[in-house]
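Have the structure open and your selection tool ready.

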Amino acid sequence: MKNYYYRPSASTLGRKKKIRKKASFSYLKPILFFFVFISLCFASYLGATKAYRAFSASRLANWKPETAVVSGVDGALLKEIQAIANKKVNTQFTIKSAMALQETLLKKYPQLRKVAVKRGLLSGQLKIEAQRRVPVAKFVLPNKSVRFIDQDSSVYVDPNPAPDLKIPFVELEGVVPEKLGGEFVDLVESSLKLKDQLDFAFLRFNASADSVRMHMPDGCIINFGPAKKMRQKARRAAQIEEMAKEGFPHPHELDFRYFDDGKVFLRQIAH
């Protein structure tokens, strides 16, 4: 039995080699094209980024506001700040200018808690966002000048308070610091929450002795002593005043000076 086999010719082998080379080249071609495309895109991105940065730096350095807008305040304060902002229109206004204006406004108007000055690169608008302090009490100093204290315990001046502002009245004695202790704010806020029992006429705070006295409309006095543990003292005073309504003589005084020893004295005030 004969075995037959096929032997390819030399010409056939040559053609197959050429086909393999062509297939290999066609496989690498899209990969090379992809890397070239990515390189061009990356180069374009770098160029565009540098150009934009250069444009922005030039624009920011020579920026001049076309308009000015003030938000967050109203009334006379709004008019004053708007007038200051209007003077910056059509003048060169840099980042340093914005920081300087922000510091000037905070210093000129202590009733402002925050001020943000922003430059609109594309809009050409100078924006001033202001936030007023929220007062929790009003003080009258020995020289009859008025001060306010906010939720951060900061004492400040406000020549144009809100006309419908209703906050407790406090008399100050001694040297008034720029910041009062947070305990005093706790007392004011606690008293407002316990208004049914502690509906006081005014508070008297001695800054030098760090002591607080609450004066009620009927002549009763609550001597809280040192300005500490004020929330606890206010709650205990409210409890005692509620019980005192059942028959304890008025006017009377609550003395919390020995509160740390667990004692509160209740005595009648002589007429």
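**Stop 1: a patch on the surface**

Select Phe33, Phe37 and Ile38: together they form a nonpolar surface patch with about 330 Å² of accessible area (Shrake-Rupley method, 1.4 Å probe, only the protein chains shown counting as cover). Patch members have over 30% relative accessible area and no salt bridge, and nonpolar side chains (Val, Leu, Ile, Met, Phe, Trp, Tyr) are joined within 5 Å; a salt bridge puts a side-chain nitrogen of Lys or Arg within 4 Å of a carboxyl oxygen of Asp or Glu.

This is a predicted model, where local features need pLDDT of at least 70 and side-chain atom pairs pLDDT 80 or more, while totals for chains, interfaces and linings use all residues. Residues are numbered from 1 along each chain as its sequence is written, and side-chain values use heavy atoms, without hydrogens and water.

Phe37 sits in helix 1 (residues 10-61); helices are DSSP runs of H or I, at least four residues, and strands runs of E, at least two, numbered from the N terminus. Phe37 counts as partly exposed because its relative accessibility is 45% (buried is under 20%, exposed over 50%, partly exposed in between; 1.4 Å probe, protein chains only).

**Stop 2: strand 1**

Next, select residues 67-71: Ala68 and Val70 make the covered face of strand 1, and Thr67, Val69 and Ser71 the uncovered one. Strand 1 pairs with strand 3 (residues 125-132) in the parallel sense over 5 bridges (pairing takes at least two DSSP bridges). Ala68 stands opposite Leu126.

**Stop 3: Phe224**

Which residues is Phe224 in contact with, leaving aside neighbours within four places in sequence? Select Leu187, Val212, Met214, Met230, Lys233, Ala234, Ala237 and Phe256; contact means heavy atoms within 4.5 Å.

How values were computed
Patch = residues over 30% accessible without salt bridge, like charges linked within 9 Å, V, L, I, M, F, W, Y side chains within 5 Å.
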